[in-house]
Amino acid sequence: MSASHTESDQKLVLVLSNRNSKQHHHSDTVGAITASVTALTSRYAFQVLTAPSRTALIADAERLLEREGDRIAAVIVCGGDGMVNIGANLAIKADLPLGIVPLGSGNDFARGMRIRRGTRAINGIARALAATPEPVTTAADALLVRVENHQFYAANSVNFGFDSQINEIANARFAWLGGARYLASLVRLIPRFKPTRMRVSYEGPARKASLDGSFTLVSLLNTAAVGGGIRLAPGAAAGDGELDAVIIRGISRALLSAVFPLATVGLHPWLSPVKLVRIRELTATGPAELPVYVDGDLVGFGGYTAEVAPGVLRLLI
């Protein structure tokens with residue numbers, strides 16, 4: 001360990017954890033983080049925040065960031081993609097590094113960044129924080145999203161259409177199934193799904209396009225997978241300065257039943273209605289009641305605009 005630091009000159013690490021999650025033991029995880037970091041350096045003290053809701057947790061964290069100001073050195077989140085989304089927005093806005101301990105049912109962003117579960121993630125964060133003179137970080141892209149006059153960041157995905165409705169069913173009916181909730185929702189939705197009329201426009205490094213018609217989904221990904229490992233955009237990488245748009249025209253239920261099983265192994269691009277495009281910005285508009293999901297959480301209805309925000313995430317890995 002480096003030379004000891006007094007409480008007055010220690011930087012503060014903000015740890016956000018969902019104490020009510022069934023995926024992990026809150027106190028064990030937080031204790032492991034603090035023990036791993038302090039075994040390597042005494043530069044940091046820790047402030048742990050939990051709250052009964054997403055809104056309350058964000059509000060508490062924002063108040064702490066405003067009150068402590070320059071003393072805060074990093075944000076660490078313990079949980080799945082929803083918790084990563086909270087941490088990413090806080091960290092980007094405050095220009096702080098972000099550590100991720102993946103403990104959710106999906107963990108798609110963490111998987112895309114090759115962040116392992118449990119001790120490996122915690123030890124990686126500790127080593128990054130202990131580096132001198134400053135923590136070592138890895139840059140990653142994010143998505144800057146606008147929905148219903150609100151603007152915020154996404155770490156992994158924006159889902160609109162069939163995949164957003166899977167999220168809706170998974171969260172409402174099958175949350176108790178953990179990672180299997182996406183498969184259960186898929187089976188429930190396919191027999192009653194109908195393609196939706198949408199307008200889509202996008203701009204990429206090679207071309208622009210405007211589309212109008214019947215669509216199954218129009219989604220954006222920063223890493224390869226959604227839904228706990230479904231490789232919807234198998235070539236996506238969060239450090240390439242681009243986003244991967246997955247656009248599927250209106251298809252039959254029979255063909256739809258093949259898309260997501262094939263996507264688990266990255267073979268769905270062979271299907272002719274499936275279009276994968278590297279883009280920098282995309283706008284999709286559909287029916288007012290069609291939900292928009294960002295990193296697995298509902299953020300609004302009717303459509304979205306999103307663009308790549310290159311390298312704005314600084315990850316402790």
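Predicted model: local features only at pLDDT ≥ 70, side-chain atom pairs only at ≥ 80, totals over all residues.
## Largest pocket

The largest pocket has a volume of about 910 Å³. Its lining comprises 42 residues, and those closest to the pocket centre are Gly82, Ser105, Asn171, Arg181 and Asp297. Sorted by class, the lining holds 21 polar, 13 nonpolar and eight charged residues.

Several secondary-structure elements contribute at least two lining residues each. They are helix H2 (54–68), helix H3 (81–94), strand S7 (157–160), helix H6 (162–173) and helix H7 (181–189).

## Helix H2

H2 is 15 residues long and spans 21 Å between its first and last C-alpha, close to the 21 Å expected at 1.5 Å a residue. Leu57, Ala61, Leu64 and Leu65 are buried in this helix. These four lie on the same side of H2, because they cover an arc of only 100° around the axis.

The cover over the buried residues of H2 includes strand S1 (11–17), strand S2 (44–49), strand S3 (72–79) and H3. On the face of H2 turned away from the buried side are the exposed residues Thr55, Glu66 and Arg67. Just after the helix, Gly69 has a positive phi of about 55°.

## Helix H3

H3 contains 14 residues, and the distance from its first C-alpha to its last is 20 Å, close to the 20 Å expected at 1.5 Å a residue. The helix is mostly covered, with twelve of its 14 residues buried. Among the buried residues are Asp81, Asn85 and Asn89, along with Met83, Val84, Ile86, Leu90 and Ile92.

Gly82 is also one of the buried residues of H3, and Gly82 is among the residues closest to the centre of the largest pocket. H3 takes part in covering the buried residues of H2. Just after H3, Asp95 takes a positive phi of about 55°.

## Tyr293

Tyr293 belongs to strand S13 (residues 291–294). Its relative accessible area is 4%, so Tyr293 counts as buried, the cut-off being under 20%. Leaving aside residues up to four places away in sequence, Tyr293 touches Ser157, Val158, Asn159, Ser164, Asn167, Glu168, Asn171 and Leu298.

One of these contacts, Asn171, is also listed among the residues closest to the centre of the largest pocket. The C-alpha atom of Tyr293 is separated by 30 Å from that of Ser27, and the two residues are 266 residues apart along the chain.

## Backbone features

The peptide bond from Thr132 to Pro133 is cis, and its omega is near 0°. Pro133 is located in the loop between helix H5 (119–130) and strand S5 (138–147).

What sets apart the phi of Glu148? The angle is positive, about 50°, although Glu148 is not a glycine. Glu148 sits in the loop between S5 and strand S6 (150–154). With a relative accessible area of 43%, Glu148 is partly exposed. Asn149 is found in the loop between S5 and S6. Phi of Asn149 is near 70°, again a positive value in a residue other than glycine. Is Asn149 buried or exposed? Asn149 is exposed, because its relative accessible area of 85% is over the 50% cut-off.

Note on methods: Residues numbered from 1 in each chain as written. Heavy atoms only, no water. 1 Å grid on protein atoms, 1.4 Å probe; cavity = no way out; pocket = protein on both sides within 12 Å on 5 of 7 lines; lining within 4 Å. Points joined across faces, edges and corners; volume = space filled by probe spheres on them. Nonpolar A, V, L, I, M, F, W, Y, C, P; charged D, E, K, R; others polar. Buried < 20%, exposed > 50% of the residue type's maximum accessible area, 1.4 Å probe, protein only. Contact = heavy atoms within 4.5 Å. Expected span 1.5 Å × (residues − 1). Arc of directions from axis to C-beta.
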